[in-house]
Amino acid sequence: MREIALFVEDYAHRQVIGALVQRIAEECEIAIHLDWRNAVRGHGKVIAELNDYMRDLKRQGGPWPDLIVVATDANCKGINERTREIGGRDEPAPMILAIPDPHIERWLLLDGAAFKAVFGKGCDAPDQKCDRNRYKQRLIEAIHATGTMPILGGIEYAEDIVQQININRAVQMDRSFRRFVEELRDMFQGWQT
């Protein structure tokens, strides 16, 4: 069983990233345990908690997780800027960054067929604009259009949508999604050998 420590900025990231990691692990036939280290209070808290965690791991000398996943929205700063803000440490374990550009809710709108499988009606492919609440609102509107009333802004359906996503098609539609999925697959495939 592989141990994966996850740092995410909120509940939406926990639902989407957790479901993606689980799904890709199943694809690769890897048994994993998700150790949620942080799932609230945004980007700044993710960085602070990650720094504390790294410091503590180094002091203890282990046991180290097999992988650390850090997820935070690009928030119009772009993937490279967020990577610089997070990266550059001497990690005691491999680290993969999930940086949805610009926001995690956009990933749930990438595959209209997955949306249709969950809700009975598809959604339009999302554009790529930088607007703080654009994709949260688009997700809510797309779910409303199916006759469903989202209670938690649609995030309560994230696991169902992720299970239906055609990942190979979705990676063609979003660079940030592709980057995360490819790095995760590479890591898991390396564990198979």
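**Entry 1: the disulfide**

I began with the cysteines and found that a disulfide joins Cys76 to Cys130, with an S to S distance of 1.2 Å. I counted a disulfide wherever a pair of cysteine sulfur atoms lies within 2.5 Å, and by this rule the count comes to one. The pair links distant parts of the chain, 54 residues apart, with Cys76 in the loop between strand E3 (67–71) and helix H3 (79–86) and Cys130 in the loop between H5 and H6. I took helices (H or I, at least four residues) and strands (E, at least two) as DSSP runs, numbered from the N terminus.

I noted that this is a predicted model, in which local features need pLDDT of at least 70 and side-chain atom pairs count only at pLDDT 80 or more, while totals for chains, interfaces and linings use all residues. Residues are numbered from 1 along each chain as its sequence is written, and side-chain values use heavy atoms, with hydrogens and water left out.

**Entry 2: cysteines and accessibility**

Which cysteines are buried, and which are partly exposed? I used buried for under 20% relative accessible area, exposed for over 50%, and partly exposed for what lies in between (1.4 Å probe, protein chains only). Cys76 counts as partly exposed because its relative accessibility is 41%, and Cys130 is also partly exposed, at 45%. Cys28, by contrast, is buried at 5%, and Cys123 is buried at 15%.

**Entry 3: helix H2**

I listed His43, Val46, Ile47, Leu50, Tyr53, Met54 and Leu57 as buried in H2. Seen down the axis of H2, these buried residues fall within an arc of 130 degrees, so they line one face of the helix; the arc is that of the directions from the helix axis to the C-beta atoms. I reminded myself that an α-helix has 3.6 residues a turn, so residues three or four places apart point the same way. On the other side of H2, I found Arg59 and Gln60 exposed. The cover over the buried residues of H2 includes strand E1 (2–8), strand E2 (32–38), E3, H3 and strand E4 (95–98).

**Entry 4: helix H9**

I turned to helix H9 (residues 175–192), whose 18 residues reach 26 Å from first C-alpha to last, close to the 26 Å expected. Its buried residues include Phe177, Phe180, Leu184, Phe188 and Trp191. The buried residues of H9 fall within an arc of 165 degrees seen down the axis, so they line one face, while the face turned away carries the exposed residues Arg175 and Asp186.

**Entry 5: the nonpolar cores**

I defined a nonpolar core as a set of buried Ala, Val, Leu, Ile, Met, Phe, Trp, Tyr and Cys residues joined through side-chain atoms within 4.5 Å. The largest has 48 residues, of which Ile4, Ile17, Val21, Trp107, Phe180 and Phe188 touch the most other members. Helix H1 (residues 11–27) gives this core its largest share, eight residues. Apart from it lies another core, of 17 residues, among them Tyr53, Leu57, Ala74 and Met95.

Definitions and conventions:
The expected span of a helix is 1.5 Å times one less than its number of residues. Contact means heavy atoms within 4.5 Å.
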